[in-house]
Amino acid sequence: MIKYISLMLCLACLLTGCAGEPEMGVVNPMKEMASLDDINAAAGTEIQKPQAFRITNEEFFIINSDVPVADYRFSIGDAKYTFRAAKTYDDISGVYGDAERLTRWYKGDVQYSLYVQNGSDGEMRAIAAEQAPAFYPVVEEISNGYMTVLPNEGTPERASSDRIIVKIQHTDPSKEPLPGDVVEITYNGEILESYPAELGEIYSIRVMMPVM
């Protein structure tokens, strides 16, 4: 009887792995870090802490993959944000299915992804506008809710086209743009190939120097 029990225990050990041997498991690719500076240094990115809102529940991770991804998590009231950045064009958002509260932009060779749960579009755009690409063209003309702007020499926007059509949306309520104004436009870094050229997603439009 004792030999039978010993045999059964040995068989169970072979099938399930002996307790003294290391188990093979999935390595968690997310490593918690101490600060925003740490994850930016590890990924070669420049995520900034949003300035327009009171931030709570901050967490910092680096996702170790072929290209390291900086992962910054925080809350604004009940809204929970995931802010990621990496030097890749692959999707880094980690969002599948409903992506209504997701936006992405590019600065140089770095992709930035911002996703929010229980937040508003306006709040998300305000955070993106602080950190997304911006340029400062002169308004040439306005017609039917759109304006044609003239990018400055030496800018990436001018390298794409000497004229860009921009839908007038998400503007500063203090002043509507007029022909001759210098405006600040923040957007997701995408310039569509057309003539005049068109921008991708626009986050904000603000008059910087009104025409006199």
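Reply: Start with a term: a polar contact is a pair of N or O atoms within 3.5 Å; within protein, one must be able to donate a hydrogen and the other to accept it, and residues adjacent in sequence count only if both atoms are side-chain atoms. This is a predicted model, where local features need pLDDT of at least 70, side-chain atom pairs count only at pLDDT 80 or more, and totals for chains, interfaces and linings use all residues. Residues are numbered from 1 along each chain as its sequence is written, and side-chain values use heavy atoms, with hydrogens and water left out.

Me: What makes the link between the side chains of Ser204 and Thr186 a polar contact?
Reply: The distance is 2.6 Å. The limit is 3.5 Å. The pair qualifies as a polar contact.

Me: Why does Ser204 count as buried?
Reply: Buried means under 20% relative accessible area, exposed over 50%, and partly exposed in between (1.4 Å probe, protein chains only). Ser204 has 16% relative accessibility, so it counts as buried.

Me: Which residues does Ser204 touch, not counting residues up to four places away in sequence?
Reply: They are Ala129, His170, Glu184, Ile185 and Thr186. Contact means heavy atoms within 4.5 Å.

Me: Where is the place of Ser204?
Reply: Ser204 lies in strand S14, residues 202–209. Helices (H or I, at least four residues) and strands (E, at least two) are DSSP runs, numbered from the N terminus. The protein has four helices and 14 strands.

Me: What makes strand S3 and strand S4 a pair?
Reply: Two strands pair if DSSP finds at least two bridges between them. S3 (residues 69–76) and S4 (residues 79–86) have seven bridges, in the antiparallel sense.

Me: What is the order of the open sheet of six strands?
Reply: The order is S1-S2-S3-S4-S6-S5, with antiparallel pairing.

Me: Why do strand S1 and strand S5 stand at the edges?
Reply: S1 (30–32) and S5 (102–107) each have a single partner strand, so one side of each is left without a neighbour in the sheet.

Me: What packs on the sheet?
Reply: Helix H3 (residues 121–131) does, touching S3, S4, S5 and strand S6 (110–117). Its buried residues are Glu123, Met124, Ile127, Ala128, Ala129 and Gln131. These pack against S3, S4, S5, S6, strand S11 (182–187) and S14.

Me: How many residues are in the protein, and what share is buried?
Reply: Of 212 residues, 36% are buried.

Definitions and conventions
Axes are lines fitted to C-alpha atoms, for helices over the stretch in contact, and angles run from 0 to 180 degrees between N-to-C directions.
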